Amino acid sequence: MDRPLFKKTFFILAHWMQGQAMSGGDRIFIELSKRWSSQWKIKFFVSSEGWKICQREGLGDFDHEILVSDQWNRFGYLLNYLYRTLTAIFKLLKWKVEEGDIVYSSSDFWPDALPALILKLRFKEKVRWIAGFYLVMTPPWRKDFPYKGRSRLMGLFYWLTQWPIFLWVKKYSDWVFVTSEPDVPKFVTPKRGLENIVVVKGGIDQRPSMEYLCSASVRPISKRKYDACFIGRFYYPKGVLELMDIWQEVCKARPNARLAVIGVGILEGRLKEKIERLGLKEKIDLLGFKDGDEKYEIFKESKLVLHPAIYDSGGMAACEAMAWGLPGVSFDLEALKTYYPKGMLKTPCYDLKKFSDHILLLLNDTTLYEKMKEEAIVLAREWDWDKRAEEILKKIRNLIP
């Protein structure tokens, strides 16, 4: 980093963070903050739960203000959503910026994006707005809309609330952070060219996996506890419910197959119900939220990583496992063609039987497994957080007048 410290402040708005788990967008701003703190004065405007996560991830010494708490979580999704949005806006109306300050909204949810929009409208060119927009939801009338059945109403709410944010981000933000190449054209306008849209993707910490793979303690494939693992939030686009049907097919051919599931989320109740209904209770371990060494131990005990997202713009969690030498299986989503060009066996979209066939193919074909394993490791090494943070910082430098 060869440029002197920026004199202005980089403000991060993250009011929608809840619980213990992190979204991909949360992970992005946390890891970038660690690496940019020598370049900018960084200040967080966060929720009480969000700050606990930031502290857990090593950001405890950073300047911050807690604007919203978890006291409204118990009143349901809608009231909690409105509380966080209105409270954040009201408190930030008192905030003053200096010429050249940067405001980064960490998600497209209203509690993060609307306060950033209002600050941009208030201070205009005095403040620069970077909008994090990591998943552009498909319209509810399309076949690939991921919210089905009784979850469709929630999906409709998500789309209706995201659509105006999408339009405002296109019109008023200075830069947009997206996670994959196919999302770039969606934000191009006559006033904003390609250079103002940054493909972040994400990153991983390479050191633990590289040390392990270079050691003499790598566990033989045949002695690992789990045939596969899944890591991600339990919500509809991630395909965690579909994964249960896939695993049932795997178990028909491989009765002793075991799956490790790392994560938490709103679908946890339905997930447990489905596991019970399909008779998979003895074949799937729900491990809850794991991070750091606990998560790495699961990777060491797994043979594959499964990324069954039915609608996604990328998803960096699978790459964490790939860094430990785990080949992946996913659906052939458009975003994943550039996100995971190797190390991931692609399945025709939404063909659950074919997905299970690909799992069995990798488990049974040693030659293919070793080839995909090496591809996964090579791909993961391209995702080093230090490298990613420096690349993104260079792009921002070039855009600052």
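The sulfur of Cys-349 lies 20 Å from the closest cysteine sulfur, that of Cys-319, and is therefore too far away for a bond, a disulfide being defined here as a pair of cysteine sulfur atoms within 2.5 Å. The model is a predicted one, in which local features need pLDDT of at least 70 and side-chain atom pairs count only at pLDDT 80 or more, whereas totals for chains, interfaces and linings use all residues. Residues are numbered from 1 along each chain as its sequence is written, and side-chain values use heavy atoms, with hydrogens and water left out.

Cys-349 is partly exposed, with a relative accessible area of 36%, where buried denotes under 20% relative accessible area, exposed over 50%, and partly exposed the range in between (1.4 Å probe, protein chains only). The structure holds zero disulfides. Cys-229 is likewise in no disulfide, the nearest cysteine sulfur, that of Cys-319, being 13 Å away; Cys-229 is buried, at a relative accessible area of 0%.

Ile-359 is among the buried residues of helix α12, together with Phe-355, Ser-356, His-358, Leu-360, Leu-362 and Leu-363. When neighbours within four places in sequence are left aside, Ile-359 is in contact with Ile-246, Trp-247, Val-250, Leu-304, Leu-306 and Val-329, contact meaning heavy atoms within 4.5 Å. The buried residues of α12 as a group pack against α7, β11 (305-307), β12 (328-331), β13 (344-347) and α13 (366-381). Helix α12 itself (residues 352-364) has 13 residues and reaches 18 Å from its first C-alpha to its last, close to the 18 Å expected at 1.5 Å a residue, the expected span being 1.5 Å times one less than the number of residues. Leu-352, also placed in α12, is partly exposed, with a relative accessible area of 25%, and its contacts beyond four places in sequence are with Glu-242, Asp-245, Ile-246 and Phe-331. In the loop between β13 and α12 lies Tyr-350, which has a positive phi of about 70° although it is not a glycine; Tyr-350 is partly exposed, at a relative accessible area of 39%.

Helix α3 (residues 77-92) has 16 residues and reaches 23 Å from its first C-alpha to its last, close to the 22 Å expected at 1.5 Å a residue. Its buried residues, among them Tyr-81, Tyr-83, Arg-84, Ile-89 and Leu-92, pack against β1, β2, α2 (48-56), β3 (63-68), α4 and α5.

Aromatic pairs were counted where the rings of Phe, Tyr and Trp (its six-membered ring) have centres within 6.5 Å, with planes under 30 degrees apart classed as stacked, over 60 as edge-to-face and the rest as tilted, and the count comes to 36 pairs. The rings of Phe-11 and Phe-45 have their centres 5.8 Å apart and their planes at 15°, so this pair is stacked. The pair links distant parts of the chain, Phe-11 being in strand β1 (residues 9-14) and Phe-45 in strand β2 (residues 41-47), 34 residues apart. Phe-11 is buried, at 6% relative accessible area, and Phe-45 counts as buried at 2%. A stacked arrangement is also formed by Phe-109 and Tyr-158, with 5.5 Å centre to centre and 10° between the planes. Here Phe-109, in the loop between β4 (101-105) and α4 (110-123), is joined to Tyr-158 in helix α5 (residues 152-172), 49 residues apart. Phe-109 and Tyr-158 belong to one aromatic cluster that also contains Trp-16, Tyr-77, Tyr-81, Trp-110 and Phe-157.

Charged side chains were also found over aromatic rings (NZ of Lys or CZ of Arg within 6 Å of the ring centre and within 35 degrees of the ring normal). Arg-233 lies over the face of Tyr-235, 4.4 Å from the ring centre, and the charged end of Arg-388 sits over the ring of Trp-383, 5.1 Å from its centre.

Methods:
Helix = DSSP H or I, 4+ residues; strand = E, 2+ residues; numbered from the N terminus.
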